[in-house]
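Please read this report alongside the model shown below.

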Amino acid sequence: MAKYELKTKVNKSSVEGFLNSVKDEQKREDSFKILEMMKKITKEEPKMWGPSIVGFGKYHYKYASGHEGDMCIAGFSPRKQAITIYIVPEFLKYKPLMKKLGKYKTGVVCLYIKKLEDVDQKVLKELITESFKWMKKTKK
């Protein structure tokens with residue numbers, strides 16, 4: 001069986017260069033605000049993961065299938081449809097926070113928001129903080 005090559009790897013591309021290339025002005029401004037928020041929360045320097053994810057920290061994962069790799073503990077990406085925020089997969093742990101967050105959608109490990117003004121930023125900070133702490137503690 002051929003070994004799967006991960007595309008989402010940490011690299012030396014410029015975070016600021018990537019964010020400055022975001023065409024949508026609102027998404028670009030929101031992305032820089034999220035960048036600062038995550039820097040303060042994680043106390044880590046951002047790195048590019050693949051061509052379009054700004055990530056903080058790193059953990060190693062291994063699935064029962066044998067597939068394994070590294071990924072950022074927290075991160076985000078200004079996608080065309082929405083800003084994708086990558087946090088802990090157990091969203092249900094944070095039901096009370098999620099109820100107060102505002103307008104969003106979720107995926108397995110993704111929180112999708114159209115604009116930062118659609119969500120309560122204090123709640124978003126708390127959600128990212130709790131997620132980051134949990135991941136640091138459990139994913140060594």
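The model is predicted: local features need pLDDT of at least 70 and side-chain atom pairs count only at pLDDT 80 or more, while totals for chains, interfaces and linings use all residues. Residues are numbered from 1 along each chain as its sequence is written, and side-chain values use heavy atoms, with hydrogens and water left out.

Seven strands make up an open antiparallel sheet, ordered 1-2-3-6-7-9-8. Strand 1 (10–11) and strand 8 (105–106) are at the edges with a single partner strand each, so one side of each has no neighbour in the sheet. Strands (E, at least two residues) and helices (H or I, at least four) are DSSP runs numbered from the N terminus, and two strands pair if DSSP finds at least two bridges between them.

| Strands | Bridges | Facing residues |
|---|---|---|
| 2 and 3 | three | M48 and V54 |
| 3 and 6 | three | V54 and F76 |
| 6 and 7 | four | P78 and I83 |

Strands 6 and 7 form a hairpin, with four residues between them. Five of the five residues of strand 6 are buried, so the strand is largely enclosed by the rest of the structure. A74, F76 and P78 cover one side, G75 and S77 the other, and all are buried. Buried means under 20% relative accessible area, exposed over 50%, and partly exposed in between (1.4 Å probe, protein chains only).

Helix 2 (residues 25–42) lies across strands 3, 6, 7 and 9, and runs at about 175° to strand 6. That angle is taken between N-to-C directions on a scale from 0 to 180 degrees, with axes fitted to C-alpha atoms, for helices over the stretch in contact. S31 belongs to helix 2 and is buried at 0% relative accessibility. Its side chain reaches the backbone oxygen of K27 at 2.7 Å. Beyond neighbours within four places in sequence, S31 is in contact (heavy atoms within 4.5 Å) with L19, F76 and P78.

K43, in the loop between helix 2 and strand 2, is exposed at 73% relative accessibility. Phi of K43 is near 55°, a positive value in a residue other than glycine. Most residues other than glycine have a negative phi.

Key. A polar contact is a pair of N or O atoms within 3.5 Å; within protein, one must be able to donate a hydrogen and the other to accept it, and residues adjacent in sequence count only if both atoms are side-chain atoms.
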